[in-house]
Amino acid sequence: MKLDILSLSPAMATPAVTPLVLVVDDNDIQLNLLSSSLGRWGYEVITATSGVAALALCADRLPDLVLCSWIMPGMSALDFCRAFRELSEDQYGYFILLMTEQERGEVARALNAGADDFLICPVSDLELRARIMVGERILAMQRELTQKNRLITETLGVLQKVQGLIDKDLLEAKKLQQSLLRERYRAMPGGTLSMMLRSAGHVGGDLVGYFPVRPGVVGLFGLDVSGHGISSALMTARLAGYLSATTPDQNLALTLLPDGSYAARPPGEVIEELNDLVLNEMDTEHYFTLMLAIADLTTGEVTVAQAGHPHPALLRSDGMVEQAGAGGFPVGLLAGVRFEQYKLQLAPGDRLLILSDGVTECPDPGGEMLGEDGLARMLGELRRFSGPALLSALVWKLSEFAGRRDFPDDVSGILLEYLGDS
């Protein structure tokens, strides 16, 4: 669908239209004098001798300006002015009352009734023409404002249509991004995996996932691309391909063995390759944090490399919470950075949580971040939960801490629960 906003731009100036002036006066002499003067000045003039007759003319064709005598038979000048205003809601008309010196005290009532100006009779041609020209200027400004308001309204309508299309595309993009997280729960011999992904906006820069290495060994990762929105999401989708579970031949964390099976590469070495790849082959200003772990579910040994991602949280079976790691430098900022790896030892019943900084850096209503200590307390309170219920309860506690259901940053996590030989 093509929407041409340029087509809404104001048209070329239209030729000037001769203003129509309605003169209302039951005095034939004054009526003829005013009509004659206005005609000489180039105005189109119509006349009426009463308010009722004037309203009939207005219903047929609304005048641009009105000159109305204060004293008229039947309908008063004030009643006619009010009725005229009701007729001219969409097209403004300039209303001038003709009054005598004795009627000057009625000016406030006249203005309150909707009159724009007044003239004291007898009226000189010089003053009459000056007041009529003032009315023309005001009408010109009023009509220009009306035209601009109409343009704004039309433009707003187009922008709303464009926003609707963008929202529709973003909704589809969110569905595609969520599809990168193919499974939220996976049971395997020796352990289970649970995953969550909540974007702060339509789409975000977080991703968690896993990939099988060989029977009993699985790779885990959590990454967080800088920034928010579509560009971060596109970067995330590209990185997901480098740690793919469905195409192991393209997974940088795996190496093909001579017998056709795969083995895990050292996580630190993988992150170093990703760092070089981002700096040398990707034209982007984005960088990202990453935690890559290889977990052996037969022994409970986990090899971890950390690139600026928050420390992993280790929930021991006795309820203790441990958070430690090498920290490391984000990927895609500096060339030649070395990423060290370390090992964690899980015992049956232990749980390993890899969370994005949207959790630890979540602020409360006063702006104080949760931090690692706050996370440890929160996990201690949730120690009886397991699997997807633990992640859901963590999000609930986080929203309670933040005092809001939506978070300022993406929140993601992957949970490994080690069962051992049981």
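**View 1. Helix α3 and its buried residues.** In helix α3, the residues A77, L78, F80, C81, A83, F84 and R85 are buried. Please keep in mind that this is a predicted model. Which elements do these buried residues pack against? Their partners are β1 (20-24), α2 (51-60), β3 (65-69), β4 and α4 (107-113). Two of the buried residues, F80 and F84, return in the next view.

**View 2. F80 and F84, two rings in one helix.** The structure holds three aromatic pairs. In the pair shown here, the ring centres of F80 and F84 lie 6.3 Å apart and the planes meet at 45°, so the pair is tilted. How far apart are F80 and F84 along helix α3? They are four residues apart in this helix, which spans residues 77-87, and about one helical turn separates them. An α-helix has 3.6 residues a turn, so residues three or four places apart point the same way. Both F80 and F84 are buried.

View 3. Is F80 buried or exposed? F80 has a relative accessible area of 0%, so this residue is buried. F95 likewise counts as buried because its relative accessibility is 0%. Together, F80, F84 and F95 form one aromatic cluster.

**View 4. The peptide bond between C121 and P122.** Here the backbone takes centre stage. C121 and P122 are joined by a cis peptide bond, with omega at about 0°. Where does P122 lie? P122 is found in the loop between β5 (117-120) and α5 (125-179).

**View 5. L57 and its neighbours.** L57 has its place in helix α2. Its relative accessible area is 30%; buried would mean under 20% and exposed over 50%, so L57 is partly exposed. Which residues does L57 touch, leaving aside those up to four places away in sequence? The answer is L22, I46, T47 and A48. For one of these, I46, the C-alpha atoms are 8.3 Å apart in space, while L57 and I46 are eleven residues apart in sequence.

**View 6. Stepping back to the whole chain.** After the close-ups, here is the setting they belong to. The protein chain has ten helices and 18 strands. Its C-alpha atoms fill a box of roughly 115 × 45 × 35 Å along the principal axes. The radius of gyration is 39 Å, whereas a compact globule of 422 residues would have one near 22 Å. Buried residues make up 46% of the 422 residues. Among the contacts with a separation of 6 or more, 65% are between residues 24 or more positions apart.

Methods
Residues numbered from 1 in each chain as written. Predicted model: local features only at pLDDT ≥ 70, side-chain atom pairs only at ≥ 80, totals over all residues. Heavy atoms only, no water. Rg over C-alpha atoms; globule rule 2.2 N^0.38 Å. Buried < 20%, exposed > 50% of the residue type's maximum accessible area, 1.4 Å probe, protein only. Contact = heavy atoms within 4.5 Å. Phe/Tyr/Trp six-rings, centres within 6.5 Å; stacked < 30°, edge-to-face > 60°.
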